[in-house]
Amino acid sequence: MGETGKRDGARDGEQNTAYTVVIMLIVAFGVLALPWMVLRKLDARSQARSEVASGVTAEDLAQGGKIYYRSCTSCHQARGEGKPGRYPPLVGTPWLLEDKETPIRITLLGIAGPMEVNGAMYNDVMPNLGVTLSDEEIALVLTYVRSSWGNSAPAITKDEVAKVRASLGDRVEPWAGGAALSAARATRVLD
């Protein structure tokens, strides 16, 4: 192989290395940009629905969407459709929309037991997010889900979450399904 052949071979090797580096950069950018793009899309959806329900602002929806994406999508999915037979949907769900106290109670203590949601039975476990989320974060995420995917219930405030939390006293055990939640509805904390 002559001097010219060696130079051409070296250039080919450099080009292959350059192509490999460019492809790796494109893949790395895609991996890093994906979460940002998802959060940006959630923000855009939230801003488009800023007038969805009473007391709901675009900023509340944006912040609540971020909390939902981080804490809830693995079970309830990105559009609140849930997983059939495992995790209930949040779309059009009376447990979420009929009053403010019930979704606050569920989020604070979790639930472990059978409950009917939109005509289907569910019996999986929801963790108690009250130990990891503040009253403000719970208010934001519940406002988000109560105002998304066609839901249009009023906003929940951190003061309302604090009142329900205080009403639970020292209780730490999760709700034992829909029957326990129905019984808890009889004791109203919020006006």
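Colleague: What makes the crossing of helix 6 and helix 7 right-handed or left-handed?

Modeller: The crossing of helix 6 and helix 7 is right-handed. That word applies if the near helix is turned clockwise from the far one by less than a right angle, and left-handed if anticlockwise. Helices here are DSSP runs (H or I, at least four residues), numbered from the N terminus. The model is predicted, with local features needing pLDDT of at least 70 and side-chain atom pairs 80 or more, while totals for chains, interfaces and linings use all residues. Residues are numbered from 1 along each chain, and side-chain values use heavy atoms, without hydrogens or water.

Colleague: Why are helix 6 and helix 7 called roughly perpendicular?

Modeller: Their axes cross at roughly 115° and come within 8 Å. Axes are lines fitted to C-alpha atoms over the stretch in contact, and angles run from 0 to 180 degrees between N-to-C directions. Under 35 degrees is roughly parallel, over 145 roughly antiparallel, 65 to 115 roughly perpendicular, the rest oblique. Helix 6 and helix 7 are therefore roughly perpendicular.

Colleague: Which residues of helix 6 and helix 7 meet?

Modeller: Asp135, Glu136, Ile138 and Ala139 in helix 6 meet Lys158, Val161, Ala162 and Arg165 in helix 7. Contact means heavy atoms within 4.5 Å.

Colleague: What makes helix 5 and helix 7 roughly perpendicular?

Modeller: They pack at about 65°, with axes 10 Å apart. Helix 5 and helix 7 are therefore roughly perpendicular too. Helix 5 passes helix 7 in a right-handed crossing. Glu101, Ile104, Arg105 and Leu108 in helix 5 meet Glu160, Val161, Val164 and Arg165 in helix 7.

Terms used: Helix = DSSP H or I, 4+ residues; strand = E, 2+ residues; numbered from the N terminus.
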